[in-house]
Amino acid sequence: MADNDNIGAFDLSRRKLLAGLGAVGVASAGAGLGTTAYFNDTESFEGNTLTAGQLDLLVDWQQTYDFGEGQTFVSAHPDHDGDGEQSVEIDGEVFSYSDYPDDEDPDSNGANLPVLDCETIPPLAEAEFGTDPVTGEEMETLVRLTDVKPGDSGEITFSLHLCDNPGYIWMQAGDISESGGAGTEPELIADPDNLGDLGDAIDAKLWYDEDCDNVHDDAGPIDIMLTLDFSGSMLYEQYGGVASTDSIQVNGQNYTETTKIDLVELGTRQFINYLQAQNADVQVGVAYFDGEGSDDVVPRTGILEPLTTNLSAVDTALSGLRQKLANVVSGAAGSTPFDGDGDPDPYSNADGIATGTYISEGLDDAQTQLASNGRPSAEKRNIVLSDGESFNGDGNTNYAPPASAAADARAASPAPATDVYTINVDGSASVLQAMAGPANGSGGDPLFFNDIDDPLNIPTVFGNLAAQTVAEKVIMEDTLANVLDALADGNGVPLDGNRATLYDELSDDPDDPDREAFRGDGVMHCVALSWELPFDVGNEIQGDTLGFDLGFYTEQARHNDGAGPDLSA
């Protein structure tokens, strides 16, 4: 790929908008722009050379049509055998991805999508558009609608994997072509000029498909326990608790350094505030776990806030976590978060604090809350965050293996069956990954595991989990013509890397503070577009055709403000 010296003039040609548009980093000076945009470019469909910049957006997709008889595969990437269903061969084993929910297919509902990552997604040069399911002809654009009948529908979900550096992402459309067709007598009566009316007649929805299942999900009642690591390594510099020497403001308090527990406080309170703003049908509680000191007879674990619908009380419980953690780990035997006897200075001498990380006991405390205070009709979730191994400290308690405790939680032994989500903050990834999985399912499920190399990403993870708790966020619901117009306008539609922030993709500025960059660690994010032709449509669309391409543009977050190449000051 050649360096793009004029980043403000990137075009939306077919070769740059063939579905899997990514961005590969090259240092580019913005011609005519007031600032330099670092590491940004659109990736063409063929002839690419990965250059030295550390920005790489990998994209895959699944497209389906429904002619009233169920979903039909149209095109996908990767698609190892060209049958239109997303599949890839890795080390001689074929993985298929029937993304939309199917009760008879255990690999549906996005169950296998995490196999696709920065190491396994094939290059875009291998992508094919497939054939038009109506005409049997090769598709010239990613989406091509011909001979559409009332009630017909379709959908395409893209999964985005931003590798290396964090970056801002825009979704774009181009190569839009519409034709009135041959012009039958009924159509000419309704539409004498035989204009292309199909885009205006089709209803469309663009949304963040959080579970990547090709279906927009509404929200049901959910009971959630946040199970948080209160060990010394979350706060004290002596044990790796300082995540950054940059200052941070937490709950109105300014600190000259940033600790892991500060980031947990920001992330969890953002989680709660978002659920409040969305009027989510939830109960939330908070459990904590540490280890035990030599004078303790039981582990220092417990409940910070019982399971409740009072989210303001939960928000209060999650305030001042530096002090509450310090009370637990550096206080006297039997200390609780509310004693006030701990030293919250990250640089204080932390010798002699309680040691060990009793993940299992914390998880069990949370499960007891779900069992005693949970609602019978509500889905159950336990979100466990830790930065350490699970081990037995200096005290008297023999710890239980976390994977076993999580298996009991998932299997309703004792009840209730619970989805176990885990967040590893640069700790024991294997332990927390083994715990993660759905209710009545097995552990080790990547969809339920979040591996964070940089603690600064903790708030974003909680934001994404919040977005999975409420109805999936709709970016735009309008006619297909209007959705395509928005995607084709300027830089396209700016996407938000953290859906829990109150950002409006259509009306807020791209550099609005509530719009966050996407993490650069390959974590999968899905965006979907669905369409349906209503049954009450008139004859004016008979014979009409519509084709278009979709793509993505990204630029590195560092040194850029998210305004985009055309709007940077």
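With 100° about the S-S bond, the link of Cys 212 and Cys 526 is right-handed, and a disulfide here is a pair of cysteine sulfur atoms within 2.5 Å. This is a predicted model, in which local features need pLDDT of at least 70 and side-chain atom pairs count only at pLDDT 80 or more, while totals for chains, interfaces and linings use all residues. Residues are numbered from 1 along each chain as its sequence is written, and side-chain values use heavy atoms, with hydrogens and water left out.

The sulfur atoms of Cys 212 and Cys 526 lie 2.0 Å apart. Cys 212 sits in the loop between strand 10 (203–208) and strand 11 (222–229), and Cys 526 in strand 23 (residues 521–532), so the link ties together parts that are 314 residues apart in sequence; strands are DSSP runs of E with at least two residues, helices runs of H or I with at least four, numbered from the N terminus. Cys 212 is buried at 2% relative accessible area, where buried means under 20%, exposed over 50% and partly exposed in between, with a 1.4 Å probe and protein chains only.

The structure holds two disulfides, and the other joins Cys 118 to Cys 163, with 1.9 Å between the sulfur atoms. At -95° about the S-S bond, this link is left-handed.
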